[in-house]
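Student: Could we go through this model together? I would like to discuss the ligand site and then the sheet.

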Amino acid sequence: MFGVLGVLGVLGVLQGRRDAVARAPPARWVSEAARAWFGLKYGRGAGGLCRLESRAGPAGTRARPVPGRCRRCRDRGALRSDGPAGDSSEAGVESMAGPEYVRAHRLQEALECLAAGGFEILCGGTDWYPANAQRACSTALVDISGLSELRQIEQDESGVEIGAAVTWSEIREAEWPASMAALPAAAREIGGIQIQNTGSIGGNVCNASPAADGIVALLALDARLVLASRRGTRELALAEFVAGARRTLLRRDELLRAVRIPARGRRARSVFAKLGSRRHLVISIAMVAVQLDSDEAGRILTAAIAVGSCSAHALRLGVLEARLLGHGVSEDLAALVRPTDLAGLAPIDDVRAGRAYRQSAAEILVRRALTEAKA
Ligand SMILES: Cc1cc2nc3c(=O)[nH]c(=O)nc-3n(C[C@H](O)[C@H](O)[C@H](O)COP(=O)(O)OP(=O)(O)OC[C@H]3O[C@@H](n4cnc5c(N)ncnc54)[C@H](O)[C@@H]3O)c2cc1C
């Protein structure tokens with residue numbers, strides 16, 4: 001018993017909780033020592049100080065609670081609205097346990113965290129947690145999933161704006177014009193219902209997995225992204241934003257605020273087709289999204305064809321898109337596809353499929369999607 005306490009106490013000292021352990025009455029040694037161990041295991045900042053608070057304090061001071069910043073501190077009565085930086089233990093900050101986590105309640109609050117530095121964004125967590133499950137949490141997290149500013153879907157004549165924290169279930173259940181049908185179709189294919197209830201469109205885009213179903217649908221719909229930081233907002237085409245496998249042009253102090261999809265004519269249609277090793281809850285071997293818009297005579301005005309899971313990031317098939325222009329939507333569009341149209345893809349061999357299989361599956365999906373899009 002004393003051995004275990006001793007080890008935990010040493011870990012507590014290493015973790016910077018020496019004062020807290022030493023000051024505690026004997027009856028709280030176990031809880032203080034366990035708290036210290038928990039902090040060490042999960043990579044909490046030294047001394048258990050809230051990172052927001054300690055950053056906000058002037059140099060040389062320990063912690064300076066800032067009103068409205070950290071919900072957890074506020075909930076624990078740790079904040080003093082205008083007091084000078086003082087003894088953090090008096091303010092109650094030092095007694096916090098667990099990894100640093102801020103649940104933002106306003107967009108500005110999240111942007112302040114990102115501007116302060118050292119924060120990672122958490123939304124539904126369905127990509128973040130699997131990626132981090134095997135290692136200690138070493139960064140502070142700002143949770144944006146509850147931000148009402150990021151939870152709206154708004155439609156007008158110019159198109160649709162989807163808040164970054166909108167879930168796949170919300171997208172699946174919303175009403176969409178036929179020109180954007182590829183998006184709810186992709187939503188239905190993402191994980192299972194539980195994942196769709198939690199995973200967000202923004203998380204899918206910013207995680208930038210080569211197998212992200214949402215990105216393929218959005219790429220075919222010419223989506224643009226609204227990126228926000230404390231400095232202001234900027235807009236970028238999705239095609240520019242995703243720079244490689246899990247690489248984006250998101251800046252450290254930015255978050256994705258919304259996804260914009262431009263409106264198309266009333267004859268425009270879009271479809272999404274996915275191949276996995278089973279019907280549901282599966283990562284794509286290949287997926288394709290197509291959008292076709294045509295004039296009154298049924299001639300194709302615009303064509304967009306995106307392929308995913310077959311290169312470091314999803315790609316558009318520009319040569320094929322150009323060849324389709326002017327053809328009738330009721331023609332046999334699948335017959336216009338040539339294997340060379342997919343030459344820009346660079347599929348990999350992995351546990352899900354071989355390179356050649358992926359390449360040929362992508363070609364078949366493109367033909368099927370074109371056939372379906374004209375219906
Ligand atoms: C069992 C399972 C099955 C899955 N199946 C599929 C599937 O079939 N198809 C598919 O495409 N995906 C699938 N996924 C992946 C995942 O569910 C989706 O990509 C989901 O949309 C991620 O959203 P999230 O809100 O959970 O992101 P999070 O995990 O919260 O975040 C993912 C990344 O994006 C960043 N981020 C999140 N939101 C923002 C923002 N607004 N601005 C800037 N950065 C942000 C985070 O910092 C993190 O790096 C699956 C996941 C699981 C666990």
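This is a predicted model: local features need pLDDT of at least 70, side-chain atom pairs count only at pLDDT 80 or more; totals for chains, interfaces and linings use all residues.

Student: How many residues surround the ligand, and which are the closest?

Tutor: The ligand is surrounded by 31 residues (C-beta atom, placed from the backbone, within 6 Å). Gly124, Gly199, Gly202, Gly203 and Asn204 are the closest.

Student: Which element supplies the largest share of that shell?

Tutor: Helix α12 does, with five residues; helices here are DSSP runs of H or I with at least four residues, and strands are E runs of at least two, numbered from the N terminus.

Student: Now the sheet: in what order do the five strands come?

Tutor: The order is β4-β5-β10-β6-β7 in an open, antiparallel sheet, where two strands pair if DSSP finds at least two bridges between them.

Student: Why is one side of β4 and of β7 left without a neighbour in the sheet?

Tutor: Both β4 (153–156) and β7 (232–237) stand at the edges and have a single partner strand each, so one side of each lacks a neighbour in the sheet.

Student: And over how many bridges do β6 and β10 pair?

Tutor: Strand β6 (residues 224–229) pairs with β10 over five bridges, in the antiparallel sense. Leu227 stands opposite Leu256 in β10.

Technical notes: Residues are numbered from 1 along each chain as its sequence is written.
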